[in-house]
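Visitor: Could you take me on a close look at one part of this model? I would like to see how two of the chains meet.

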Amino acid sequence: MSGNITTTVTAARLRRIVNRTALLALVWLVVTEADTHSLVPGVPIVIAGAALSLVLSPDSLMAVHPMGALRFVRFFAVQSVLGGVDVALRAIRPSMPLQPAIIRYPLRVTGRWPRVFLTNTISMLPGTLSSRLDDEAIEVHVLDCSRPVMRELADVECRVADLFGSNLPPLEEEGAA
Amino acid sequence: MSWQWVVDGVSYVLFAASGFFFLAGSVGLVRFPDVYTRLHALTKSDNLGLGLAVAGLSLQSGSWIVALKLLLTWMIVIVAGATACYLVANSARDSEIEPWTGEGR
Amino acid sequence: MTLALQALAVTILLSVAIGIYRIERGPTGTDRMLSAMLFGTSGVALTLVLAELTRLGGLRDMGLTFALLGALTSVAFVKRAWGADD
């Protein structure tokens with residue numbers, strides 16, 4: 001039994017080593033613009049980088065669901081453009097429409113990575129900016145509190161959960177809407 | 001009419017839009033009433049400005065690997081920007097800088 | 001295309017110039033930090049535009065380095081701001 005567990009742990013560890021080395025090799029190729037003279041020095045640098053990363057954070061970093069990631073990238077691309085357009089228009093319009101407020105959004109998603117990821121994502125979306133993350137909630141600064149912010153945040157939270165391969169019910173099912 | 005003509009046309013639009021968002025971000029930084037609203041302007045508008053510039057430059061470079069490198073640079077700026085934005089907003093909250101709520105306008 | 005790139009470079013510089021106003025006015029140290037963050041993003045954009053304009057690929061490495069340093073400046077600011085309170 002214990003031998004079986006050890007094998008699983010070793011396999012997971014091996015997969016982690018391979019993943020990180022491959023990722024760093026890809027980054028090296030991109031950063032050097034695939035210059036042929038940089039390939040040889042790249043080998044020890046990539047290996048050293050992968051070793052260092054395993055020493056610094058031996059545990060799995062982000063277990064991202066591939067299809068969820070694809071859906072998330074599409075969502076994020078559209079929303080961050082909308083976010084930029086929204087705030088730019090508010091800034092240049094002579095009337096400068098602002099109705100700021102600070103709200104607390106109770107978290108449903110669990111785990112440190114999904115929560116930190118959600119906190120950072122919120123800051124790039126239209127009209128919202130994370131100002132505090134604690135054990136139960138994210139405190140969000142809102143540019144225009146007449147918008148349905150809580151529902152928008154619940155939607156973002158669902159998408160972040162989807163990215164990490166888990167499911168959250170939409171907020172409506174909890175009777176909050 | 002060649003392919004290059006289309007690429008250049010799209011690039012012009014991307015560069016013009018990029019410049020617009022950089023300017024709008026700075027205008028927001030000057031006009032907005034408190035540190036939190038200014039952070040909104042900075043984080044979102046400037047990142048979009050950089051993204052549009054990166055898109056235009058990728059088209060102009062005509063090289064996949066250079067386009068990927070520009071994309072990597074932008075991604076680093078986004079992650080760093082979102083993190084910095086949180087840290088600054090958080091430290092503003094900790095030092096009890098009151099958010100502007102529209103009273104006394 | 002050279003003209004478009006030059007125009008973009010000048011526009012980015014102009015946006016930095018506008019941002020200087022916020023350093024002058026403050027009122028808090030955090031407000032002034034925002035201008036430094038603006039210079040970070042603008043600096044990356046400007047370096048990348050100049051890389052294309054001058055055909056010096058090495059400037060793209062500089063842009064990448066600026067992007068990485070940008071993260072550290074904010075961390076350093078927040079650490080110092082907290083330290084000052086203690």
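This is a predicted model: local features need pLDDT of at least 70, side-chain atom pairs count only at pLDDT 80 or more; totals for chains, interfaces and linings use all residues.

Guide: Gladly! The area buried between chain A and chain B is about 3,200 Å², and carbon and sulfur atoms give 70% of that. On the chain A side, the residues that lose the most area to chain B are A:Val30, A:Met124 and A:Leu129, together 17% of what that side buries. The contact draws in 39 residues from chain A and 37 residues from chain B.

Now for the polar side of the story. Between chain A and chain B the count is three salt bridges. In one of these, the side chain of A:Glu139 meets that of B:Arg93, at 2.7 Å from N to O. Polar contacts link 14 residue pairs between chain A and chain B, with both residues at pLDDT 80 or more.

Which elements of chain A build this surface? At least two residues each come from α1 (2-31), α3 (66-92), α4 (112-124), β2 (128-133) and β3 (137-142) of chain A. Of these, α3(A) gives the most to the side that touches chain B, with 11 residues. Sorted by class, the side of chain A that touches chain B holds 22 nonpolar, 12 polar and five charged residues.

Chain B also has a contact with chain C, which takes 42 residues from chain C and 42 residues from chain B. There, about 3,500 Å² is buried, 79% of it on carbon and sulfur atoms.

Notes:
Residues are numbered from 1 along each chain as its sequence is written. Chains are lettered from A and ligands numbered from 1 in the order in which they are written. Side-chain values use heavy atoms; hydrogens and water are left out. Contact means heavy atoms within 4.5 Å. Buried area is the accessible area (1.4 Å probe) that two parts lose on being put together, summed over both. A salt bridge is a side-chain nitrogen of Lys or Arg within 4 Å of a carboxyl oxygen of Asp or Glu. A polar contact is a pair of N or O atoms within 3.5 Å; within protein, one must be able to donate a hydrogen and the other to accept it, and residues adjacent in sequence count only if both atoms are side-chain atoms. Helices (H or I, at least four residues) and strands (E, at least two) are DSSP runs, numbered from the N terminus. Ala, Val, Leu, Ile, Met, Phe, Trp, Tyr, Cys and Pro count as nonpolar, Asp, Glu, Lys and Arg as charged, and the others, Gly among them, as polar.
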